[in-house]
Structures are given as C-alpha cells and as structure tokens.
Amino acid sequence: MNTTILHSETELISMLKSKDEKAFNYLYDNYSGALYGVILKVLDKEELANDLLQEVFVKIWRSIEQYDSSKGRLYTWMLNIARNSAIDVLRSKSFQQEQKTIDIENSVYLNESRRNTENNTDTLGLKKSVMNLKPEFRILIDLAYFQGFTQEEISKTLQIPLGTVKTRMRNAILELKSVFK
Amino acid sequence: MNIQEYISSGIAEAYAAGIATSEEVREMEQMMKLYPEVEAAVREAEEAMVKYARQHAVNPPPQLKQTIWQALVGETNIDEAQPTIKSTTHISIVPDVAARSPWMKYGLAASVALLIASAAGNVWMMNENNKVKSEVAAIAASQKVLLEEKNNALAAAEKANQEMQVLTLPKLVKINLAGVGSHADMAGMLYWDGATGDVYVDLNKMPEAPSGKQYQLWAIVDGKPVDAGMYDGNAQVAMHKMKTIPKAEMFAVTIENAGGSPSPTLDQMVVAGKTS
C-alpha cells in the first residue's frame, strides 16, 4: 500500500495545505487504513464507518491550517479526529435508537470478534492486549477510548470515586503501553 | 512538581490517546513547552499510539477513495458550504471532552447502559451472593451454639431431674453437715439413700477449697474413717454423687491435698454430721 515516497510529516502538512490531488493520494494511501480501523472499532458498522471516513477526511482537509505541531504529531491529530467523530456518531440520538435493538453482547467487548473473518490483522493484537488487562482496567480503556466517556462519566457510571478512576486509568494506560512495546 | 513523577503518571499516554481531560490537556501543553523531557514522553506515547493504529489498520472499501476525493473537490470549490457533511455540527480537531458532555442528557447508549447494568448486576449479585453465604455461615455457627446450649440445658435439666429423684427416694436420710471448731460458719448437706447406700453431698455454700487442696468426704464406720470420695468443687451441680457407703455412724469433710489422702487430717475437719 505504501507506494509513494515516504514524506515527513512537515512535508505532508505543506502538501496538504496546497490541497491538490497528489496530497490527497498520499494522505489517503498512508493514513486511511489506520483512521478506518479506529472508526470501525468505535462504531462497528461498515456502512456508517464508510460515511464517517469521508467526513473525517473532509475535516482533515478543512482544518489542516489549524493543526498545531507543538501540541502533537499530525498522525495522532488525525487519529483523534477519527476517534472523536466516531464517538460523536456513537452518541448521536439516531445511532442510539438504532442500537437499541442490537443484542448488548455484541456492542462493547465483542466489537473485535465480529470482524474476525473480514480482517485478520485487526483483532488478534488489540483483543489480546486488551484482554490481557485486568478487568477493571479493561472496562476503563473500553469506556474511555472506544466509548468516549470522560473520567467523570466513568466515575458516575461505575460508581467508583473519581480519584480511583484517575489512578486506575493511568495504570491501565501504562499497562497497555507495556503490552504494545 | 517532580517532572519524572509527572511523566510516569501516565499523563503523556492519556494525552496522546486523546483521553486526557481538557484541564490535563491545557496543563500538558504548558508542560511540553517548559520541559523537553515531557515533550519527549509525549512523542514516545504518540509513537505507541501510531504503532497501535497501524497494527489495527483496516483497508476501507476500494471505491471509497474516489468518493472521498470527489467530496473534497466539492468542498474546495464551494469553500465554506458543506454539501457532503451529513451530520457534523462541529468539528472536533483537538479532543474536546467538555464539548461532548451534553450527550449525557440523552442517556447512555442503550447497549452500554445495559451492559454496565448487567455488569453492575453481576457485581451486585456476586456481592449479594457473598453476603448470603456469610449470613448462612453465621446462621450455621449460631445454630451450632444454640444446639450446644440446648444440649447443655437438656443435660442440666436431666441432672436436676435426677437430683430431684434423689430427694424423693423413700429411704433417703438428710444429714446436716455442721461446721466444726473454728469452721462453725460452714455448712453442707448430705443425702444418704438408706436402701442402696448411695451418698450425695451438697457443699456449694462452702468456700472454695484453698488452691492445691480439695474437700474429702469420710464415713466413720465402726469408729474408723473410710474414704467416701473427693468433692470436685463443681458449683453447677447441686448433688455430688460420692462413694457408696452402706453403713456409717457419721460423715465428715476434711481439707486434704488435691487428689485425697488415705486417712483424714483430723485438724483439717471442717464440717461433720451424725447419721442418726
């Protein structure tokens, strides 16, 4: 998939600002898979994910001028746009009404397993790494990263003191980080 | 603040993952400007995120690329209009957790709520189950205690009953054991069954025998002391069955070394009573 010359992020940013097709091709070829992966993980619905991927590219296209490299990498900036947009959809009224009829079992923890057949590279890593976490960490990562809960919301929902949520969240992230290494 | 502690708290990872609170984000942006090592930690965490995202990349359907490019071209030409954006009301560039809070008003996604309810339910059930288990254990324990108490009470009643039976024996002889010499204030009772020779004493009103000593009962038979048994000092029992003495002129109690003596220490006689 990586057929174009590898550009540095700085080069890519100035390319994107020119808004030509070459820039788009490079962006799409190198980043669409990662962005689509994040979206699918949150939404778990291919049709919705297709629409949303388009929306995410529009956002990136439109907001590239606002990107501030001092705050973080372009890559994580784009990942966050994808994740936040997906969570916005996840939390929209229409999506939630649709979800009501879906078996609860399928929606949260088993997101990954449902795509097993279509996508072999996807599941093993995350499932393994997240499943390796302690259950109290797992639910935090799931709620925070894939469901977009704030720590306050997690505290309310799980009825755990906010301080405990913060501590556990950081331990969970540190543990996850060591799994990825 | 200790920078190393700040870095190792996991804040850099939360920031890179976009799950830090808006307050933490602002703080982190300051810290990154001030401390190169904080910035380095964020870069490292970002690298992990990127690695993660690459590992879990999924190729979108092939036709999507062209569709998206068409949308972008339209976007560029029409400039500020948003013909292709279906449901976007705001653009999330930086993860802004606060902006998402109104969703709470609409409730959790039914699935999430149900899952959590079910998880919470499981926890609750588990807690309830444990509670019930410990309650059952507590009840079993108290039942055991109650059963023991009941058995003790039954045994005591049985004993009292036997004692009562003694008192109703037709040939029972009641003998007052009166204090002897300097022990005039002491007194006991002796019940002697004239039919069988069974002897019972009640010395519960007497002071406890000195440590290492025991009361010993003697029968005086034909002018000679005969050992009639040791008094065990159990105040729970009113009538202490002693040795069987078919014939005696007198009964006496002495203080002896624990375990008893073959013959009475006469100057230690405390109470005594004649049989007729």
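Modeller: Tyr75(A), Thr76(A) and Leu79(A) in α4(A) meet Glu46(B), Met49(B), Val50(B), Ala53(B) and Arg54(B) in α3(B), where contact means heavy atoms within 4.5 Å. Helices are DSSP runs (H or I, at least four residues), numbered from the N terminus. The model is predicted, so local features need pLDDT of at least 70 and side-chain atom pairs pLDDT 80 or more, whereas totals for chains, interfaces and linings use all residues. Residues are numbered from 1 along each chain, chains are lettered from A, and side-chain values use heavy atoms, without hydrogens and water.

Biologist: At what angle do α4 of chain A and α3 of chain B pack?

Modeller: Residues 74-90 of chain A and residues 36-55 of chain B form these helices, which pack at about 60° with axes 9 Å apart. Such angles run from 0 to 180 degrees between N-to-C directions.

Biologist: And what does Met28(B) touch?

Modeller: Leaving aside residues up to four places away in sequence, Met28(B) touches Tyr6(B), Ile11(B), Ala12(B), Tyr15(B), Val38(B) and Val42(B).

Biologist: Changing topic: which residue has a positive phi of about 60°?

Modeller: Asp44(A), although it is not a glycine. Asp44(A) sits in the loop between α2 and α3 (46-63) of chain A.

Biologist: Is Asp44(A) buried or exposed?

Modeller: Buried, at 11% relative accessibility; the cut-offs are under 20% for buried, over 50% for exposed and partly exposed in between, with a 1.4 Å probe and protein chains only.

Biologist: Where is Gln159(A)?

Modeller: Gln159(A) lies in the loop between α10 (151-158) and α11 (162-180) of chain A. Its phi is also positive, near 55°, and Gln159(A) is exposed, with a relative accessible area of 71%.

Technical notes
Helices (H or I, at least four residues) and strands (E, at least two) are DSSP runs, numbered from the N terminus.
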